[in-house]
Amino acid sequence: FEMTFPLRGADGNFRPFLTRVIPLKNAAGRVLQWFGTNTDVDKLKRAEEAVRIAGERFRFMAESMPQKIFTALPNGDLDYFNQQWSDFTGLTLEQLRGQGWLQFVHPDDAEETSHRWKYSIKTGEYFELEHRFRRHDGEYRWNVSRAHAMRGDGGEITMWIGSNTDID
């Protein structure tokens, strides 16, 4: 048995506790005794709520911007695109993930775009490039793309965040 529900703590206030109870059975399967624990999970629940709110705030910000916003894994695979990408390209967000974004880069710009992105991924250096992207109606438009590496405490890249702005 396991559930989370409010219990009154030693301070008299109600906080969420995780309760777990397991039976001790004999060889015949008969319950001889129950053992249980109550663990104060208030800090965990508060942290989970803070993460949820931060995620909602990021999504709201990214979806509200007129720029095309993206995030990428440390290896450069793109894992988030705001709705403006889909509106611009006519592609679904799933079609854009990973390396799917290369399909709307102008053929004359594809090699340089790929080379420069790979270089930034390898070195962690800031990415900035003007190149052409195919809009949903087939027209190519000049965009400036920028991306920064977010780093962890040890200096390792934890993610990339970037934007693309139509400058045509």
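Trainee: Which element gives the largest share of the lining of the largest cavity?
Mentor: Strand β6 does, with 3 residues. Please keep in mind that this is a predicted model.

Trainee: How many nonpolar, polar and charged residues are in the lining?
Mentor: The lining has 9 nonpolar residues and 3 polar ones, with no charged residues.

Trainee: And what volume does the largest cavity have?
Mentor: Its volume is about 110 Å³. A search of the whole structure for cavities of 30 Å³ or more finds 1.

Trainee: Let us turn to the sheets. In what order do the 5 strands of the open sheet lie?
Mentor: The order is β5-β4-β8-β7-β6, with antiparallel pairing. Strands β5 and β6 each have a single partner strand, so one side of each has no neighbour in the sheet. On average, neighbouring strands of this sheet are turned by 25 degrees against each other, direction ignored.

Trainee: How many bridges pair β4 with β8?
Mentor: Strand β4, residues 68-72, pairs with β8, residues 157-166, over 5 bridges in the antiparallel sense. Within β8, Ile161 is the residue opposite Thr71.

Trainee: Which strands does helix α4 lie across?
Mentor: Helix α4, residues 107-123, lies across β4, β5, β6, β7 and β8. Its direction is at about 150 degrees to β6. Helix α1, residues 42-64, lies across β4, β5 and β8, and runs at about 70 degrees to β5.

Trainee: What about the sheet of 3 strands, in which order do they come?
Mentor: That open sheet has the order β1-β2-β3, and its pairing is antiparallel. The edges are β1, residues 2-8, and β3, residues 31-40; each has a single partner strand, so one side of each is left without a neighbour in the sheet.

Trainee: How many bridges join β1 to β2?
Mentor: There are 7 bridges, and the two strands run antiparallel. Phe5 stands opposite Phe17 in β2. Together β1 and β2 form a hairpin with 5 residues between them, and Gly12 in the turn has a positive phi of about 90 degrees.

Trainee: Then what joins β2 to β3?
Mentor: Strand β2, residues 14-25, is joined to β3 by 9 bridges, again in an antiparallel arrangement. Ile22 stands opposite Phe35 in β3, and Thr19 has Asn38 as its bridge partner. These strands also form a hairpin with 5 residues between them, where Gly29 in the turn has a positive phi of about 90 degrees.

Trainee: Stepping back, how many helices and strands does the protein have?
Mentor: It has 4 helices and 8 strands. Along the sequence the pattern reads β-β-β-α-β-β-α-α-α-β-β-β.

Trainee: What radius of gyration does the protein have?
Mentor: The value is 25 Å, whereas a compact globule of 168 residues would have one near 15 Å. Along the principal axes, the C-alpha atoms fill a box of roughly 75 × 40 × 35 Å.

How values were computed. Residues numbered from 1 in each chain as written. Predicted model: local features only at pLDDT ≥ 70, side-chain atom pairs only at ≥ 80, totals over all residues. Heavy atoms only, no water. 1 Å grid on protein atoms, 1.4 Å probe; cavity = no way out; pocket = protein on both sides within 12 Å on 5 of 7 lines; lining within 4 Å. Points joined across faces, edges and corners; volume = space filled by probe spheres on them. Nonpolar A, V, L, I, M, F, W, Y, C, P; charged D, E, K, R; others polar. Pairing = 2+ DSSP bridges. Axes fitted to C-alpha atoms, helices over the stretch in contact; angles between N-to-C directions. Contact = heavy atoms within 4.5 Å. Rg over C-alpha atoms; globule rule 2.2 N^0.38 Å.
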